[in-house]
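Dear colleague,

I am handing over the structure below, and I would be grateful if you could look through it alongside the notes that follow it.

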Amino acid sequence: MRGTKKYPHVIDTPDQGKWELAGYEAALPITEKSNPITRELDKADAAQIVQLLRDCDAEIFQEDDEALVNYKRLYSESVLKTMVDIIAKVQEVLKEPDNTLIVLSGGGASGRMGFLMAVSFNILLKGLGQLPQYTYIIAGGDRSLVASLEGPEDSALLGIEDLKKVCEGKKKVIFFGISCGLSAPYVAGQLDFCMNNLDIYVPVLVGFNPVTMARTDKIEGFHSTFRQVAERMEKLQETHQAFILNPAVGPEGLTGSSRMKGGSATKILLETLLLTAHKTVSKDSEISEKCLLEILRTYERAHKVTYGQSKKIAALVKQAGTSLQKKAYVYLVGWHTLGIIAIMDGAECIPTFGADINDVRGFLIGDRSEMFNREADLIAQGPKFAFSEEDFVKTILPSLTELDTVLFLFTVDDNLDEVEKLVVQVKERTCNVQALSHATVGQYLPASLKKLFPSIISIMWPILFLEYEGKFIQRFQRELSTKWILNTVSTGAHVLKGKILRNYMVDLRVSNSKLFWRAVSILQRFSGQPHAKCLEGLLQAIYDPEPLSEDLRTAPVSKHIAVATDKSKVVPTALLCLLRSCSVPEARARLDAAPSLRAALDTALNAPGRKRGADKSEPDEQST
């Protein structure tokens with residue numbers, strides 16, 4: 001394709017994987033397929049975990065291969081052209097800041113990523129002496145930024161109401177609806193509303209499945225499926241009234257966990273696009289694919305630089321895993337936007353691993369006065385929503401034990417005296433303190449701070465001689481690098497704790513419709529039982545000890561989710577019931593008695609006389 005020869009790959013991306021073959025898990029969208037790279041993730045040690053997740057992240061940057069299924073990839077001609085077309089629309093808004101807005105919206109991890117980018121680009125504008133032009137929307141409001149509230153993602157009508165509120169009085173709005181799997185009802189409603197009001201809105205759908213793989217089940221209380229919304233957008237894209245940005249980046253290293261590769265690819269795509277828009281407006285220059293490619297390659301370099309620290313990352317994975325295995329906690333304390341990434345990572349562990357709020361938890365140090373839409377929604381809402389330095393010092397610090405791990409995240413440009421003071425306080429309670437530090441060539445940590453840490457992942461970035469907007473490239477690289485490391489550490493720690501089976505999050509929290517149907521799919525995969533029996537088993541685990549009446553069986557999925565959201569170990573309990581033909585109380589007792597969740601499930605899967613189950617067969621033979 002045009003221009004790529006000038007910008008050769010920075011990293012060695014893996015050969016195209018089995019997931020790209022036409023028959024591989026054909027019934028599943030890409031974002032829900034299992035990644036062949038990580039099929040034995042649950043058996044890996046800390047070093048192997050880092051290597052496997054590194055290789056999965058590298059798939060983001062792969063080129064097309066005509067010999068395989070021709071999914072559009074990040075560097076595909078059509079993807080770059082769509083980015084150029086969207087940039088032209090963004091430029092119009094940037095040139096006319098009065099009564100215009102750029103909105104980034106999503107549920108859960110996608111909404112948090114939209115928040116991070118809105119904060120970053122408003123900081124960029126502020127440095128240019130301009131007023132903010134970005135805002136974010138997240139299903140469930142600001143409370144969802146710092147805590148796991150997955151349910152609101154299921155409401156298309158709530159999405160529409162939230163969009164109307166933030167855009168009131170605006171004459172032109174660029175709307176980015178982020179849904180990695182092309183599945184979130186909240187975003188579907190917003191995109192549909194935008195298409196009904198094209199005199200004001202330019203809707204952009206961002207995700208990582210082809211439109212043919214968009215979600216097709218009926219959205220409760222709404223007139224369209226996500227697929228129907230996306231197909232309507234495809235038609236409008238022909239006249240540049242709507243856009244779909246959906247390169248395939250491959251299945252997640254942990255099946256379906258779009259907080260990982262999906263979140264990273266969202267950041268890479270949208271920051272590249274928006275940064276190019278800002279640069280071309282300020283320099284009054286043409287939009288070119290060359291400019292896009294230059295920025296995309298910097299993210300590739302970030303991958304190489306980050307995973308160049310694999311040994312130290314593996315040591316941190318092992319330490320965090322030890323804390324979780326001993327029923328202790330991992331705290332992530334970050335300065336400025338690195339603190340946002342820390343909060344994101346911690347909050348996302350709750351639905352992904354059925355984790356306790358404190359198992360992995362992030363805190364934000366530094367000025368946050370201009371970050372939130374309604375920070376008032378977070379004040380005095382209880383410990384679940386505590387995320388500030390004051391919260392850490394008052395509520396976490398006094399209860400720290402020698403078994404807990406605390407990871408500090410900062411750059412050499414941050415207030416290092418402040419960092420040092422907090423590290424000293426933490427070291428009075430635990431010696432398990434670690435650091436992730438970012439510096440530019442020529443910058444060094446003071447010796448007094450360095451000696452406080454037994455180990456530091458110190459990432460050194462090259463000097464970039466760039467104009468103001470260009471300097472944000474390094475900021476974005478550091479954020480992405482931090483995200484990759486935290487995703488690897490929190491995922492790896494839960495693998496070592498025994499929370500993962502093969503590469504599946506079998507202890508996910510059933511807290512929205514996407515996770516409900518993913519749970520049924522997991523039960524099918526490992527039990528080999530029909531869909532109807534797996535659905536029945538899941539409902540039994542949700543409602544026990546209440547008997548399953550016909551009314552419960554036929555109730556809407558939203559009712560099941562309302563009951564399941566606050567229950568733990570629903571999916572592993574249901575799976576044990578299916579594998580052992582036992583009652584829910586017996587399954588729970590077996591889980592409680594086992595050294596780990598994975599151990600209990602492995603024992604059942606390998607029980608004498610058990611037929612060869614779905615878990616032993618090739619992924620493309622699965623009943624899904």
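**Cavities, a helix pair and backbone details**

Helix 3 gives the largest share of the lining of the largest cavity, namely 4 residues. Please keep in mind that this is a predicted model, in which local features need pLDDT of at least 70 and side-chain atom pairs count only at pLDDT 80 or more, while totals for chains, interfaces and linings use all residues. Residues are numbered from 1 along each chain as its sequence is written, and side-chain values use heavy atoms, with hydrogens and water left out.

A cavity here is a set of points, on a 1 Å grid over the protein atoms alone, where a 1.4 Å probe fits but cannot get out, and its lining residues have an atom within 4 Å of a point. Grid points are joined across faces, edges and corners, and a volume is the space filled by probe spheres set on the points. Helices (H or I, at least four residues) and strands (E, at least two) are DSSP runs numbered from the N terminus. By these rules there are 8 cavities of 30 Å³ or more.

The largest cavity holds about 300 Å³ of space, and among the 25 residues that line it, Ala109, Glu150, Ser258, Arg259 and Lys514 lie nearest its centre. At least two lining residues come from each of helix 3 (108-127), helix 11 (337-353) and helix 16 (513-527). The lining of the largest cavity has 7 nonpolar, 11 polar and 7 charged residues, where Ala, Val, Leu, Ile, Met, Phe, Trp, Tyr, Cys and Pro count as nonpolar, Asp, Glu, Lys and Arg as charged, and the others, Gly among them, as polar.

The second largest cavity has a volume of about 100 Å³ and is lined by 13 residues, with Val146, Ala347, Ile357, Arg361 and Lys384 nearest its centre. Helix 11 and strand 7 (360-365) each supply at least two residues of this lining, and the largest share, 4 residues, is that of helix 11. By class, the lining of the second largest cavity has 9 nonpolar, 2 polar and 2 charged residues.

Turning to helix packing, the axes of helix 6 (residues 185-195) and helix 7 (residues 226-237) come within 10 Å and cross at roughly 35 degrees, the axes being lines fitted to C-alpha atoms over the stretch in contact, with angles running from 0 to 180 degrees between N-to-C directions. In this pair, Ala188, Leu191, Asp192 and Met195 of helix 6 meet Phe226, Val229, Arg232, Met233 and Leu236 of helix 7, contact meaning heavy atoms within 4.5 Å. The residues of this contact comprise 7 nonpolar, no polar and 2 charged.

Two backbone details remain. His240, in the loop between helix 7 and strand 5 (243-245), has a positive phi of about 60 degrees although it is not a glycine. The peptide bond from Asp544 to Pro545 is cis, with omega near 10 degrees, and Pro545 sits in the loop between helix 17 (531-543) and helix 18 (550-553).

With best regards

Technical notes: 1 Å grid on protein atoms, 1.4 Å probe; cavity = no way out; pocket = protein on both sides within 12 Å on 5 of 7 lines; lining within 4 Å.
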